[in-house]
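Morning, everyone. I have one structure to walk through today. Have a look at it first, then I'll go through the details.

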Amino acid sequence: MDAMTGTAPPRTRPKVAGPLSPLWPFLLLLAIGLAMPLTGNAYWGLIATRMAVYWVLVAGLNLIVGYAGQLAIGYVALLTIGAYTTSVLAAGNVFPPLPAFAALGAAGVAGAVAGVVVGLPALRLRTFYFAMTTLGFATIVTQITLAWQDVTGGGIGIAGPEMPEPLDTTWGFLYFCLGFAAVCTWLTANIARSRFGRALVAVRDAEVAAEASGIRKPRLLVLVFILAGALAAMAGGLFATLQTYITPDAFTFDLSLLFFIAILIGGRGSILGPLLGTVILTLLPEIAAPLAAWSTFLYAALLLVIVLAMPGGIAALIDPRSRRKLPENRVITPRTAALDALLGQRKVPEPMRLSGIVLAFGGVRAIDGLDLEVAPGQVHGLIGPNGSGKTTTLNVISGYYRPEAGSMAIGTNPLRAGDPEGRATLRIARTFQTPRLIGEASVLENVMIGGTIDGTAGFAEALFALPRHRRDERELEARARLALEAVGLADLAAARADRLQHSELRFMEIARALMLRPAFLMLDEPAAGLSAEEIRRLGALVRGISRHGTGVLLVEHHADLIFDICDQVTVLNLGKVLAAGTPAEIRVHKEVVSAYLGA
Ligand code: ADP
Ligand code: MG
């Protein structure tokens, strides 16, 4: 490596494993499905069709459960809604009969709406309570299909829609469902590896970091609920055709469990895993036909085994990144030269000012009348004993806490209290006292999270991998590689983040924050847990960042680092400013020395 000049030699970089690479397992499964007619066994044809139909639902649900981590266990409700919508519209019970495809499309729309209705509680409720509401919704839907007899046929049921020729045969319908499932795989994989997919996982595993990156969870989840609801309801339409006749008892709780467990077995944050999970769970009752009556028990047992024996599911077993050895004796070598390309020449922001900030927790005045000014291009140290209000100050600036009194502004523009997701737009970035990471994602993906708000393509463009989305991805990836280069982690881009050492995670968080090309960067004890040499490199990196115009607010305990690199220092004690000035002034300040620095 060319550390002296700071330019990276050209080298071939390992491609980062996306959710669809390698492609061959998907093609193999598809080929097996397409080859089914060769068996001449229509029963197996039905089972393969059922797998494809279930997968259409699970593919969408996977984004909710596997990616966003929302426990939607009653998703059979969407299948029911889709099956009845398609059947009723095709039968002409309400309106003149529609062709099967039109009915299927209408079911997709109904499912999109229902998906949002089922999903909305997730924006407010904790996971377990959300799970219960989805179950409640499933019960309500079943009761409605039973009670609304003139439309749904009540307990007697209704015939499923018939497909037009040539899709009305066993094999014709199988091919149609396989094609449909393949398209769904492609669509959901497109989302999974887009900035939306990464944001979902960030909301699941590192919610505050997601907020600080400007990710708005409600908006994001609603988009995914729409997609998953539409797919699930269309799966319902296909299901009704497959069954030829549906009654409310076709939509059992077991089926709901099957969908949910397929994802758990498959593993979070993977497409192939849950696909294999769906195949396995659809096959299981066929292979173990005598055990069919025990299916609920089987699922429960399987679930326990998985939770206990392989918490990462199939995905973790087949993920090469969990086995590949990382180099030992790794050294973090930041290259401030990469900062030129990353941060470049930007308009210098105006200073950020806090005045008279007060915030109390119960009786404790965590911040008590704080004045602070962070100037662009400078490093401002914020020091003080434990509990003096340093982290709370950062949380007020980042909008997590609303101060009871006082004001904040950048130049003459007031900085709104609250609104943590809005800070990214103002180019205010931060790291956390405890690093917030997505363990299962690669280091590169973790860093790319930081640039989420700079994507220009919308959800629909990502869904179909349109050019603007692909350009976004290229730009984000290039910027993330620069940021990793700058902090000295370029060689670990493809590694799973949970395999990094603590000190590396601290630098990874800085890289994520740099993705915003921040006007202001707040670092909460970045040197904690670092070796002396790493602290020195961190100091050079932070200085380099500030030289590019960024105003840095540095919370630290290491007095040496503070006095080495800060332009200004503010000392807090019990939420009040004990002293403020240049490092030279602070170093000899009587009260600071006796209260904090020690004799
Ligand atoms: P530090 O300077 O060590 O970062 P903090 O800002 O974390 O200190 O904490 C300042 C004071 O506020 C401490 O007394 C702490 O116990 C209290 N505090 C911080 N956050 C909360 C909270 N969410 N709820 C209640 N008390 C809090
Ligand atoms: Mg703290």
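Let me begin with R427. It counts as partly exposed, because its relative accessibility is 24%. Keep in mind that this is a predicted model. R427 sits in the loop between β7, residues 413–414, and β8. Its phi is positive, about 60°, and R427 is not a glycine. Why point that out? Because most residues other than glycine have a negative phi.

There is another one, L574. Its phi is near 50°, again positive in a residue other than glycine. L574 lies in the loop between β11, residues 568–573, and β12, residues 576–581. Is L574 buried or exposed? L574 is exposed, because its relative accessible area is 64%.

Now a backbone point elsewhere. E165 and P166 are joined by a cis peptide bond, with omega about -5°. P166 is in the loop between β1, residues 158–159, and α7, residues 170–192.

On to the domains. The assignment gives domain 1 as 24–318, and domain 2 as 343–438 plus 501–597. Their contact takes 12 residues from domain 1 and 13 residues from domain 2. The centres, taken over C-alpha atoms, are 47 Å apart. How much area do the two domains bury between them? About 1000 Å², with 63% of it on carbon and sulfur atoms. Between the domains there are 2 salt bridges. Elsewhere on my list, E421 forms a salt bridge with R216, and the closest N and O atoms are 4.0 Å apart.

Last, the annotation. An unreviewed UniProt entry lists "transmembrane region" for several spans, including 53–78 and 220–239. In the model, residues 220–239 are 100% helix and 0% strand, with end C-alpha atoms 29 Å apart. Residues 53–78 are 69% helix and 0% strand, and there the end C-alpha atoms lie 13 Å apart.

That's my tour. Over to you for questions.

Technical notes. Residues numbered from 1 in each chain as written. Chains lettered and ligands numbered in written order. Predicted model: local features only at pLDDT ≥ 70, side-chain atom pairs only at ≥ 80, totals over all residues. Heavy atoms only, no water. UniProt positions renumbered as here; feature names shortened; annotations may be inferred. Helix = DSSP H or I, 4+ residues; strand = E, 2+ residues; numbered from the N terminus. Domains from an automatic or database assignment. Contact = heavy atoms within 4.5 Å. Buried area = accessible area lost by both parts, 1.4 Å probe. Salt bridge = Lys/Arg side-chain N within 4 Å of Asp/Glu carboxyl O. Buried < 20%, exposed > 50% of the residue type's maximum accessible area, 1.4 Å probe, protein only.
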